[in-house]
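Here is a short report for a reader new to this structure. Please look over the sequence and the model before reading on.

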Amino acid sequence: MDEEEERWNRKKQTVIDEISDKLINGDLATKIQAAREIRSMIRNRNSSGKIRAKFAAAGVIQPLVLMLCSQQHDAREVSLLALLNLASRNERNKEQIVTCGAIPPLVKFLKFQNTSNLRELATAAILTLSAAPNNKPTISNSGAIPLLIQILSCGSTQGRVDAVTALHNLTTSKEEPTIVLDATAALPLINLLKECKKYSKFAEKTTTLIEIISKSPEGILAITKAEDGILTLVETVEDGSLVSTQHAVSVLLELCMSSRSKYRELILNEGAIPGLLRLTVDGTHEARNKARLLLDLLRDSTPEKRLSSSVLEKMVHEISGRVDGSKKTVETAKVSLQDMVQRSMNMGSSCRP
């Protein structure tokens, strides 16, 4: 069995060497065929990880990157597909592709309007390559980010999903300086958040980006101008995962802290109280703290008479726990505290001169 496996490995290496030689030394038509064979061989083998490494060692990455600059559409497309397959699940190949100069032609493809397939493939490639930490500064400084933001509005469904993930990869880099997203990204991101399941990984990435945008006055304005922007964030607080709820409550808190008089009523009118109460019980540590801060900002009574949201939360949680038992505690507490906060808000409003 070992001898058979060794023979098979030698045969496979011979095929890899032959394809690589055609790619490196052949004419354009031969290179195109070789690029197709590289993609096919990676996709159809169980040991695709080893094959990726062997093709890279054989020197195929540089000629594939050069093919991205070809004037022939087929050459650009097949080389991009081959590079995508080589980069998948291989950090070293990702870094080598960027080192060999793939980013400038990919950024050029992101600008294409009439060849949406190349733009979509380039978006997928930027997403894949941006997963390698060492590639993030190069991609961030390439001019790709504004083009990815454009794709959020006008790209295909898959293109928009890939653009969100690529932007998430780039903006969560630990490298300095921190990437700042333009406020124009707020509207398409809110629209994408509306359409997705609030507990999904996609929602987590989308809310991460929206929180980044909320750090600027222009971003706050863009978020609140988006149709159902605040409602979408409130729904995410109610139905999201631990990650997306944390980002959503952070955005709502940013809004209220930036101008309590302007945004308090808007947030209350979207029914934020139940989700915020739930978050004070089962959110992350950061989300619980921010939910309490936001509840305090949303309540409308004088500081002297106002119980903190954390005190109210504890009182109602204990009372409802005695009545219903632990399984229904959160829901009962949620409804009760909503009523208490609403009463407090109404009393505060009626006492105004």
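Which backbone nitrogen does the side chain of serine 70 reach? The model is predicted. In this model, the side chain of serine 70 reaches the backbone nitrogen of glutamine 72. The distance is 3.0 Å.

Serine 70 sits in the loop between helix H4 (61-67) and H5. Is serine 70 buried or exposed? Its relative accessible area is 15%. Buried means under 20%, so serine 70 counts as buried.

Leaving aside residues up to four places away in sequence, serine 70 touches Leu28, Ala75 and Arg76. Proline 105 lies 35 residues from serine 70 in sequence. In space, the two are 9.8 Å apart, C-alpha to C-alpha.

## The cavity

How many cavities of 30 Å³ or more are there? The count comes to one. The largest cavity has a volume of about 60 Å³.

Two helices each supply at least two residues of its lining: H5 (73-87) and H8 (116-130). H5 gives the most, with four residues.

## What lines the cavity

The lining of the largest cavity includes Leu80, Leu83, Leu84 and Ala87. Ile97 and Leu106 are also among the lining residues. Ala125, Thr128 and Leu129 belong to the lining too.

How do these residues divide into nonpolar, polar and charged, and how many are in each group? Eight are nonpolar and one is polar. No charged residue takes part in the lining.

Notes
Residues numbered from 1 in each chain as written. Predicted model: local features only at pLDDT ≥ 70, side-chain atom pairs only at ≥ 80, totals over all residues. Heavy atoms only, no water. 1 Å grid on protein atoms, 1.4 Å probe; cavity = no way out; pocket = protein on both sides within 12 Å on 5 of 7 lines; lining within 4 Å. Points joined across faces, edges and corners; volume = space filled by probe spheres on them. Nonpolar A, V, L, I, M, F, W, Y, C, P; charged D, E, K, R; others polar. Buried < 20%, exposed > 50% of the residue type's maximum accessible area, 1.4 Å probe, protein only. Contact = heavy atoms within 4.5 Å. Polar contact = N/O pair within 3.5 Å; in protein donor to acceptor, adjacent residues only side chain to side chain.
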